[in-house]
There are 4 protein chains.
Amino acid sequence: MIIQFKTSAPQPLIQAFCDRQTAAEKVVYQVKHHVAVIGAKAVTLTDDEQANVDSISNDDPSAVLSSRLFQPEDTIIKLPHTEIGGRTFTMMAGPCSVESADHIMAMAKVAKAGGATLLRGGAYKPRTSPYSFQGMGEEGLIALRKAADANQMDVITEVMDETHVDLIAKYTDVFQIGARNMQNFSLLKAVGKTNVPVALKRGLAATVDDLLNAAEYIAANGNQQIMLLERGIRTFDNKYTRNTFDLNAVPVLQKLTHFPVIVDPSHATGEWDLVTPMARAGVATGASGMMVEIHDDPEHAFSDGPQALKPATYLKMCEQVQAIHTLMQEW
Amino acid sequence: MIIQFKTSAPQPLIQAFCDRQTAAEKVVYQVKHHVAVIGAKAVTLTDDEQANVDSISNDDPSAVLSSRLFQPEDTIIKLPHTEIGGRTFTMMAGPCSVESADHIMAMAKVAKAGGATLLRGGAYKPRTSPYSFQGMGEEGLIALRKAADANQMDVITEVMDETHVDLIAKYTDVFQIGARNMQNFSLLKAVGKTNVPVALKRGLAATVDDLLNAAEYIAANGNQQIMLLERGIRTFDNKYTRNTFDLNAVPVLQKLTHFPVIVDPSHATGEWDLVTPMARAGVATGASGMMVEIHDDPEHAFSDGPQALKPATYLKMCEQVQAIHTLMQEW
Amino acid sequence: MIIQFKTSAPQPLIQAFCDRQTAAEKVVYQVKHHVAVIGAKAVTLTDDEQANVDSISNDDPSAVLSSRLFQPEDTIIKLPHTEIGGRTFTMMAGPCSVESADHIMAMAKVAKAGGATLLRGGAYKPRTSPYSFQGMGEEGLIALRKAADANQMDVITEVMDETHVDLIAKYTDVFQIGARNMQNFSLLKAVGKTNVPVALKRGLAATVDDLLNAAEYIAANGNQQIMLLERGIRTFDNKYTRNTFDLNAVPVLQKLTHFPVIVDPSHATGEWDLVTPMARAGVATGASGMMVEIHDDPEHAFSDGPQALKPATYLKMCEQVQAIHTLMQEW
Amino acid sequence: MIIQFKTSAPQPLIQAFCDRQTAAEKVVYQVKHHVAVIGAKAVTLTDDEQANVDSISNDDPSAVLSSRLFQPEDTIIKLPHTEIGGRTFTMMAGPCSVESADHIMAMAKVAKAGGATLLRGGAYKPRTSPYSFQGMGEEGLIALRKAADANQMDVITEVMDETHVDLIAKYTDVFQIGARNMQNFSLLKAVGKTNVPVALKRGLAATVDDLLNAAEYIAANGNQQIMLLERGIRTFDNKYTRNTFDLNAVPVLQKLTHFPVIVDPSHATGEWDLVTPMARAGVATGASGMMVEIHDDPEHAFSDGPQALKPATYLKMCEQVQAIHTLMQEW
């Protein structure tokens, strides 16, 4: 059951209502004037409460906190150097892996030059094979933080493991949850208990509803700062591209959820020469941002070299993406 | 084996070479100065021929005539009111089915107002169920032709059946082959023997190579006027959209083939309110054109109402698509 | 609307009822005492008719004639040497292509030795590439018929094209419709107008409902002698097998339709050494029959060599399949 | 690089060779007389070692320890009441969730009556929605252990989280890793460091190679007691079944790996009335075992009721599966 109080409703009145539900052993969530009482079919309201209610709905989707029914307005995530959500367009760039302090510093400069305000780089890497490079660990986090600070950027990096949550929180502005961990529910609960924004990547075989339910694990644990990343799904067509970029999911998600939707043309194609056209397509859908991988020497990258853009290509791509975004602002 | 003669090579010299291969029971194809000798591993050239050869390659892809290795330059298809291919962007619009002479006339005006130069409309409809509307037949073709002529437009309409090829050729400028018939090899051969351009829709489970091999059936039968349509593939994700729009396929195909690549956001989404963002994405990939379905009363459309754009929405979509295309011309 | 007359109802009474509906411009189908009036929501019955009605249902599935709601009892297809349907298990075997009169004769002997009563072999081949072997045509049909007759077997062979229907009908006992033609509606209508049984192969991306609707095109044109073949679907997993064998579809189809369900482990795997275990799995699901490809020299087969069983392997496979079928008869 | 020592080679000799590689900073794995030196292209052998070597191969697959190239013979896992692997067939049964001490005790009796020697039941449940039943936790583990002990059975239960590994190890004989955690690499490493056998479920979009690489994470951390479960993959066909049962994967995996392959017809279909035919198909492929869900009151099950077999159906299914397995022993 979703109760929309009026925006003018006094917080103590909303709080008192929620406390009463909790006392009655209901599970209650409140974000601003939006309230959800999970599983409830009816509630008793005082006259005063009744007067402050805007609407009541019983048509709860499974992922209620993530839904536009619960929160019609866009979630906007604010970081020191970045704002994500709504009609803003945010560029996030960096190498797949942090490879050394010098390298990430050089890549941060490139990322920034293209307009990126978030620096990406993996210090803990989820690799298909146990014998592949597994990341620099905390040393990588330190280098990443330093490179971002030196360029007035924010940090986004992957957390693979609930035991690393506290450590990584010391260095990052945004937790990234990888596609393979999208339904690692223990990890989702753990980041849900922090106040660090989370970028949740869609799993290779995750439906739109699966993605929203995964976001719901984070939200239901108290963290409403969530963005969703479309990064390609797995289909029969995998000879010329690593994945199938499901751009339909951008407007579909924007209808269903208030969380920002970000696209990742690097993983979605897996081939650097497809990244620019698909980045243009991504911004044209109306996505709130983009994450891309860059490298100055892709052939010797520690991971995912084939999909990395060289600096010059990246800068040209950014120009085109920015120009399309500017054009779209008029509509 | 692919032999690229110099552009300056005399046609009689190329012709004589081809005739000699044919006489030796080889299968030979020639398009301008491009020659393919199927299955050959070596050829004997006269000194004169040798002097006129630019390059020889033994690395034939399966769909050789369709490949950029055979013909590096873009195929441009010229119709009375339209040019398709290269960096031109062509809009094709109309209702899913021709419903009546009046209705198609009204829809043609709308299509034209948005900038479309090709009018689409089905007179023979491939329907999943035998009990659904199967199309108006020849009466529909007559109405479609009339509506196009009255608006200085060209006609594109579906041929489902090799026995209809001659009949439909009397009324259309472009044959459309539907997704379900993409590997109806008898039909491909039949349209390959005409000189009417063909728009070949990608099948629901067709790989990029399957699509190119299907085009090859048309080309190998003598018809090089082919365009390829991406209209969505079938994946696990089918709750909120009818198909998954595989926009990655646009730049992939453009690398592999010289045939124009067209996108169809109507079938690729199946939902009218997703068509505009996905049309923007489609043009942003660099596709050579777009096909969309329009209807003034979608709820009473004879087929595919849910994905049809109403006139006002269509016109607004066209403006956005055109603006992005104009912007891209500079790059 | 489905009307089940009593089995004791006089045929003239049922006929009169149907004629009255047809006269009222309804589309009516009758198979024995089962009657469907397409799209009707109510019918008027005489007192005599009413007394002969067993049940009336308004819950028509889209593919009504194919459904168990219309015909609860299994369809049994009778050929000179074979019966297909119900709890009988029918083996169909032969080479992918008819390669010569001698070869098909030799292969027929092998097929028969394993217990097959239907001889398969393609004379018109649907090949992905136009440059691959396209079949021997009528000469192949003649050889196939001769080989079957010499071994007291029936013939099953593919028809790709409505213009070939009459020609092929002269030689075959069963039309095979290939996976790529499953939604070639013109072809479905054409074989639906004959009285030759049809084996309809499931398309690579066809849902169970798509398959039933394709069968419905045949049934609605008058031919109720249909069997359905599961031969693998296209999924992301295609490195070690050509397709994914969707054996779940066997019991699913058996719930929904009265038409016999046949499995094809050759195409479903694409690898000969997987055929025997998957053939055992196929019979264990309860399928009514099986089609397998055999060849005495797979490396030099004109088509699909990698999936062909050599004679000794085929005979051993048949023994195992037969033993499992015998065991299952007790349950 | 894989070195197969002779089975007669003295362990100290093998050990000395391995120690030398380790000292040279190579990553070395040894299982019995099988040795892998990761990434090595050449090794120096003493004369004595040379004399004890059977074969050396440089053609390492990515998941080397999991491969038949490394260990040609089947892995056999021994538990107090069960042996898993090779041509033995092992039944594992129980409810989806442990619901109460009494219920799991009753279900254990049923499972045992059908021939199961492993009792399954979830105490920690990975649920798509955070608002669904999440399991009884340790109390459930206690009840599960008690029910198994009372019936001379072994326990298999899911571990979702590396922080739970030690706790669950106190109660279980086999760790189950769920499909959604198949690439939770931290969890794989954690169970790899225990000596508790692991049942690794294939992810919804995991290729055969992905599954083997996931197993490799466990093996490379020291735990060679691994079995692999096929439980259905996600495809476009999801109306009548929850997943597509990829039975092809059974013989494919058996070619590639020495780890036992188990099938799960409950999750692979999601519908109880499809479980029996697909269980028959599963055993007929040659799988080493089966896991099924049972419940005495499926409509009120805490989770996955629609796919649970009632006791009588389960017992009949077990009889059929056992009869097919017995028949196959002769081949």
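Which residues have the most contacts inside the largest nonpolar core? The legends below take this up.

This is a predicted model, in which local features need pLDDT of at least 70, side-chain atom pairs count only at pLDDT 80 or more, and totals for chains, interfaces and linings use all residues. Residues are numbered from 1 along each chain as its sequence is written, chains are lettered from A in the order in which they are written, and side-chain values use heavy atoms, leaving out hydrogens and water.

**View 1. The largest nonpolar core has 341 residues.** Tyr314(A), Tyr314(B), Tyr314(C) and Tyr314(D) have the most contacts inside this core. A nonpolar core is a set of buried (under 20% relative accessible area, 1.4 Å probe, protein chains only) Ala, Val, Leu, Ile, Met, Phe, Trp, Tyr and Cys residues joined through side-chain atoms within 4.5 Å.

**View 2. Here are the surroundings of Tyr314(C).** Beyond its neighbours within four places in sequence, Tyr314(C) is in contact (heavy atoms within 4.5 Å) with residues including Met91(C), Val110(C), Val292(C), Ile294(C) and Leu309(C).

**View 3. Chain A can be laid on chain B by a turn of 180°.** The RMSD is 0.0 Å and the shift along the axis 0.0 Å, so the two copies are related as by a two-fold rotation axis. Copies are superposed by least squares on the C-alpha atoms of residues with pLDDT of at least 70 in both. In chain A, Ala281(A) comes closest to the axis, at 2.0 Å (C-alpha).

Key. Buried < 20%, exposed > 50% of the residue type's maximum accessible area, 1.4 Å probe, protein only.
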